[in-house]
Amino acid sequence: MTNTLGEYTSIIVARSTDKEILEKSQDGGIVTAAYIYGLENGLLDGVVVADTEKGFKPVPKIARTRAEVLSACGTKYSLSPNMSVVKDAVKEYALEKLGFVGTPCQVIAMKKMMQYPVAFRQTTGNISLIVGIFCMENFPYNAMKTLIEQYARVNINDVVKTDIGKGKLFVYKKDGSDPIAIPIKETIPFEQKSCHVCMDYTSEFADFSTGSVGSPDGWSTVLIRNKRGKDFIDKMIAAGKLETQAPDFEGKIGIPLLEKLSTDKKTKNAKEIEHRIEMGLPVPY
Amino acid sequence: MSGCTGCLISLADTYEKLLDILSAVDLVYGITLTDELTKVTETEDKIVFERAYPDDVDIALVEGSVCLDDHHAVDLIKEVREKSKIVVALGSCSGTGGVTRISRGGQNPQPTHVSFVPISAVVKTDFSIPGCPPSTDSIVKFLMAALEGDTDYLEIYADFVKYQDASGENLIKQVISQGLCMGCGTCASACQMRAVTMFDGKPDIRMELCINCGSCVLQCPRIRMPKAKGLLEV
């Protein structure tokens, strides 16, 4: 099936059955649940995660245990160069079954690396799972920091979680008080400009892609794209790690919303690419 | 040419895959890998044994840069071009000049040899595979695609011939300052010199460590996107 969501074999709405994962994760906890299931059942022996260090700064790390994966739960909305640790994971950590999660551009980078591995000796065979997330755009760390400190008036060290939904960016504090909301239109000037040449919203080349859009609160939409992705999700469902419900193909917040956002991104960025070409600026080709 | 034979070792390092390739091709010329055709010239005062480059070669993988101070090297690369259908610059020295391009030269045993250029500066080059050395996997994939005539796959290497100089500087000039870098970190992972580290999601380059190999430039998805065909199933 090819449409605005890329090629996929099936589409499900799911969430983790693990209470601890659901508590800490962004929505349905699909990535966390998949990683933990993979690590505990020998399908993966290490995974690339986007953890945070001091100052809510995203940093890519290699996780090998349930605790390490759980500590990196949640969406960061800021740059975590996950590809930068892939070679180390395979060469220094000697991982043979690496799990990888990335934004659409990182999944494309990973796939390009696997297609043309000139600088990655004996690495491609050790990648066992590529999970993609839905992504509209990203914020540079300092932009996110400015938004949180100057607009929301929260010390960056007190931030425990950020979330974008319902037209707002929510900043959650460590003390558990009510999140502070920043309207999305205020965040637009802080977006990373290079995201505006990206034509991929749903990680069209991942084994499976996931995100909150298109499903009810606390659930995630999962687009299963190839055999490897299907096998993995099937095993998780069979092991009782995921509960699923039928996707909503009609409703306003169902799959039509996912398709709408994907089309919006593609239309908007196609214009930007055209504009760049008019200006004589290079675009990825 | 002028290189360290590391790329040749990378080619031989393909283990059983090398056998797949060898069953599909005749290896007719290559130091250490094959018996050499020898040209014997007998004159009145001496007998000269020379390695002879065979005629009608389909694909020539050239390793190392051309030393312009050495007429043997210049003559040989010209001969290779004349007698081969496809000339491939295998590895960074051959494609971008690599570390030989940014060295001062003049060392023993050839102190007069100082000028090194990529082969594409001397002869028309069809493909350029960067890397110091290019990984065995990428060489196998390249050769298999060449045997099958998969021009879609090979196009990126044909395009890379235009880089007679490629270094970490290109990441700044071609990607970051053009507003294209989205911070995936592929360059940092690709660089075997660890000259690239990620700082706030952008590459931070220590040029004094860069060996001009161009791996990061080829690997960057924001200079060239991969072909969508077959990408899902890689």
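The following legends describe close-up views of a predicted model.

**Figure 1. Overall dimensions of chain B.** Chain B contains 10 helices and 9 strands. Its radius of gyration is 19 Å, close to the 17 Å that the globule rule gives for 234 residues, so chain B is as compact as a globular protein of that length. Along the principal axes, the C-alpha atoms of chain B fill a box of roughly 70 × 45 × 30 Å. Of the 234 residues in this chain, 43% count as buried. Among the contacts in chain B with a separation of 6 or more, 75% are accounted for by residues 24 or more positions apart.

**Figure 2. The two domains of chain B and the contact between them.** Chain B is divided into domain 1, residues 6-160, and domain 2, residues 168-219. A distance of 27 Å separates the C-alpha centres of these domains. Domain 1 of chain B contributes 12 residues to the contact, and domain 2 of chain B contributes 7 residues. On the side of domain 1 that touches domain 2, the elements giving two or more residues are α4 (92-95) and α5 (98-101) of chain B. The most is given by α5(B), with 3 residues. By residue class, this side of domain 1 divides into 5 nonpolar, 6 polar and 1 charged.

**Figure 3. Helix α6 of chain A and its buried face.** Helix α6 of chain A spans residues 141-151, and its buried residues are A:Tyr141, A:Met144, A:Leu147 and A:Ile148. Seen down the axis of α6(A), these buried residues fall within an arc of 130 degrees, so they line one face of the helix. In general, an α-helix has 3.6 residues a turn, so residues three or four places apart point the same way. The cover over the buried residues of α6(A) includes the strands β5 (57-63), β8 (159-165), β9 (168-173) and β10 (180-183) of chain A, as well as the helix α7 (184-187) of that chain. Following α6(A) is A:Arg153, which has a positive phi, near 60 degrees.

**Figure 4. The surroundings of A:Ile133.** This residue, A:Ile133, is found in strand β7 of chain A, which comprises residues 127-133. A:Ile133 counts as buried because it has 23 C-beta neighbours inside 10 Å, the cut-off for burial being 20 or more. When neighbours within four places in sequence are left aside, the residues in contact with A:Ile133 are A:Val101, A:Thr103, A:Ser203, A:Ser209, A:Thr210 and A:Gly211. Between A:Ile133 and A:Pro60, the separation is 73 residues in sequence and 15 Å in space, C-alpha to C-alpha.

Terms used: Residues are numbered from 1 along each chain as its sequence is written. Chains are lettered from A and ligands numbered from 1 in the order in which they are written. This is a predicted model: local features need pLDDT of at least 70, side-chain atom pairs count only at pLDDT 80 or more; totals for chains, interfaces and linings use all residues. Domain bounds come from an automatic or database domain assignment. Helices (H or I, at least four residues) and strands (E, at least two) are DSSP runs, numbered from the N terminus. Ala, Val, Leu, Ile, Met, Phe, Trp, Tyr, Cys and Pro count as nonpolar, Asp, Glu, Lys and Arg as charged, and the others, Gly among them, as polar. The radius of gyration is taken over C-alpha atoms; the globule rule is 2.2 Å times the number of residues to the power 0.38. A residue is buried if 20 or more other C-beta atoms lie within 10 Å of its own, exposed if 12 or fewer, and partly exposed in between; C-beta atoms are placed from the backbone. The arc is that of the directions from the helix axis to the C-beta atoms.
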